[in-house]
Amino acid sequence: MSCILNIETSTDVCSVSASQDGAVIFNEEDHSGPNHAVKLGIFIDEALSFIDSHAIPLDAVAVSSGPGSYTGLRIGTSMAKGICYGRDVKLIAIPTLELMSVPVLLREELEDDALLCPMIDARRMEVYAAVYDRALHPLRPVQADIVEADTYLPFLEAHPMYFFGNGAAKCKEILQHPNARFIEGIEPLAKWMFPLAEKRIALEQFEDVAYFVPFYLKDFVAKMPKKLL
């Protein structure tokens, strides 16, 4: 199995982990942010020192690819690219909403036909969300939603649906369907990246270090219809 340095900076939380053989061997998190400019370099130095002190070859760097904070993603991506260039290792991009689904799949008891809807908060009643099945196949791609009672109705009519992330709390009063479930305390964290990163290594799904750009929230705003702005 590969040794992967995982970097997550898409929200106010800054986190870095190292994983090997399907397990986390180093982890640091800061939840007092946004402090990415201050904390990220320190966490990465500590992670690389741990890896080097144990004579573990680094194989790849995984970084959250958004949607998320422009500043956070830019800092995380810049650091990830620098390490990839400096150590001549591969770059892996992990979609933020897919990453948020990992702890739900690992820790929650879900129905076989359950759907997952991770949400990142935006202004007013807007969220950035996607819909996945339990195998993390996207049933609806990431998009900006203005949440109303019928926004996810076709999915809710057919399946139990789990909403989570920092955008889900404000939707709780609106999404009153009996199939709607809400999970609190789910954040995109580096320690949950390794299953997705290892899968991409197995499939050889790597990014071009020179040209990779994360999926900024501002990109959604630019593409939204004027009536939603």
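The legends below describe close-up views of a predicted model.

**Notes for every view.** In this predicted model, local features need pLDDT of at least 70 and side-chain atom pairs count only at pLDDT 80 or more, while totals for chains, interfaces and linings use all residues. Residues are numbered from 1 along each chain as its sequence is written, and side-chain values use heavy atoms, with hydrogens and water left out.

**View 1. The whole chain.** Six helices and ten strands make up the chain. Helices (H or I, at least four residues) and strands (E, at least two) are DSSP runs, numbered from the N terminus. The radius of gyration is 18 Å, close to the 17 Å that the globule rule gives for 229 residues, so the chain is as compact as a globular protein of that length. This radius is taken over C-alpha atoms, and the rule is 2.2 Å times the number of residues to the power 0.38. The C-alpha atoms fill a box of roughly 55 × 40 × 30 Å along the principal axes.

**View 2. The open sheet with strand order 3-2-1-4-5.** Its five strands show mixed pairing; two strands pair if DSSP finds at least two bridges between them. Strand 3 (23-30) and strand 5 (90-94) are the edge strands, each pairing on one side only. The twist averages 15° from one strand to the next. Strand 1 (residues 3-8) and strand 4 (residues 60-64) run parallel, joined by four bridges. L5 has V61 in strand 4 as its bridge partner.

**View 3. Helix 5 across a sheet.** Helix 5 lies across strand 1, strand 2 (14-20), strand 3, strand 4 and strand 5. It runs at about 125° to strand 5. Axes are lines fitted to C-alpha atoms, for helices over the stretch in contact (heavy atoms within 4.5 Å). Angles run from 0 to 180 degrees between N-to-C directions.

**View 4. The open sheet with strand order 8-7-6-9-10.** Pairing among these five strands is mixed. Strand 8 (138-146) and strand 10 (180-183) stand at the edges with a single partner strand each, so one side of each is left without a neighbour in the sheet. Strand 6 (residues 115-121) and strand 7 (residues 126-132) run antiparallel, joined by four bridges. M119 stands opposite A129 in strand 7.

**View 5. Helix 3 across a sheet.** Helix 3 (residues 96-107) lies across strand 6, strand 7, strand 8, strand 9 (161-164) and strand 10. Its angle to strand 6 is about 125°.
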